[in-house]
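Opening the notebook on this one.

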Amino acid sequence: MAVPFLNLGRLNAQVRPALDAAYGRVMDSGWYITGPELTAFESEFARHCGVEHCIGVGNGLDALALLLRAHGIGPGDEVLVPSNTFIATWLAVSQCGATPVPVEPDPATYNIDPLRAAAAVTERTRAIMPVHLYGQAADMDPLMELARAHRLVVIEDAAQAQGAEYKGRRAGGLGHAAGTSFYPGKNLGALGDGGAVLTNDADIAAKVRLLRNYGSRVKYEHEAAGTNSRLDELQAAFLREKLKCLDAWNDRRREVAKQYGEGLRGLPLQLPEVPEWALPVWHLYVVATPRREELRQFLEARGIGTMIHYPKPPHLQDCYPAYHGHDLPLATRLAGEVLSLPMSPDLTEAEVGEVIEAVRAFFARG
Ligand SMILES: Cc1ncc(COP(=O)(O)O)c(C=O)c1O
């Protein structure tokens, strides 16, 4: 049995009638940008995350960049970022003219290590951007403590963590503000690009609202040199429908993760580690082995799709030549060892069983 890494068409088909109705609603309304669907989605998603303000924007990268800008972060400022993340976290900092300062992860959870973050703070540090990687919250309490001590802003990159919890509170409401992404493959994915800013800070919310809309509150009056980055009505309408399924879909991801955890136990394979305070939403199920390439090819030959998140860390990318000499051994090692197994709420028990059986067969072969 072939098991694709991700089949979004199959997942979205589960809510096809609701998505069709959402499309019809927007189409018939004749209102396609910043209308009632966006307003409704913003308040529904804010409630889901347990925050006061949600501002829908064009994508996750913009959400993070707009937040940095709204906090007045720019040239000369340093922002602590994980060394092992999707490049968007770094690019948001670079876009503002500030300097990303990579911090190595906790080798067990792959999330930013608070002790290493503390060691990286300088007099230029303005913010920390923890990423809740693969759907599991970073250890936020020590980071917030560090931020308090140095008057830093904590901006969560919650792109992979919609619904994830840290000590009973949801990602997006754990720092001073958060950016998230509704890229189609995310736990809450649109049918195109989308993102949002989340915060309890009314002043920051107002600034982002302004900046996302040409710096304009009143049409043709421009208070700030803003940008155009709005979550459109159609995507907001689709997201409203999919938000109704998010908790159940996250529960199903947890079942899949449990089945993987039980089925893969005992193999010479690093499985995801979950601290007792974390309730992950398993955006990705990532295992690690120095034999990653062999395993990947073995699975591919059996029709099992896998992905690598991520094969090259930001500091080794061509767009960041100044970082090529940085010594970041954990990020570099992980890029060579991590492998994401199929993960989606629509996976059947038989499909997950097939993946487990294939991974076990790989290691049984020696
Ligand atoms: C951790 C992380 N940050 C930021 C982003 C950026 O989101 P987007 O692709 O919507 O710009 C993504 C997803 O793509 C991501 O995984």
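Predicted model: local features only at pLDDT ≥ 70, side-chain atom pairs only at ≥ 80, totals over all residues.

**Ligand site**

I looked up the shell first: 13 residues surround the ligand, and the closest are Gly60, Asp157, Gln160, Ser181 and Lys186. A residue counts as near if one of its heavy atoms lies within 4 Å of the molecule. Residues are numbered from 1 along each chain as its sequence is written, and side-chain values use heavy atoms, with hydrogens and water left out.

Next I went through the polar contacts (pairs of N or O atoms within 3.5 Å). A ligand oxygen lies 2.7 Å from a polar backbone atom of Gly60. On the side-chain end, I get 2.7 Å from a ligand oxygen to an N or O atom of Ser181, and 3.2 Å for Lys186. The ligand alone exposes 380 Å², of which the protein buries 91% (Shrake-Rupley method, 1.4 Å probe).

I sorted the shell by class: six nonpolar, five polar and two charged residues. Gly goes with the polar ones here, while Asp, Glu, Lys and Arg are the charged set.

**Cysteines**

How many disulfides does a search of the whole structure find? I got zero, with a disulfide taken as two cysteine sulfur atoms within 2.5 Å. For Cys49, the nearest cysteine sulfur belongs to Cys54, 7.0 Å away. Cys49 is buried at 6% relative accessible area, whereas Cys319 is partly exposed at 48% (buried is under 20%, exposed over 50%, partly exposed in between; 1.4 Å probe, protein chains only). From Cys319, the nearest cysteine sulfur is that of Cys96, 15 Å off.

Technical notes
Polar contact = N/O pair within 3.5 Å; in protein donor to acceptor, adjacent residues only side chain to side chain.
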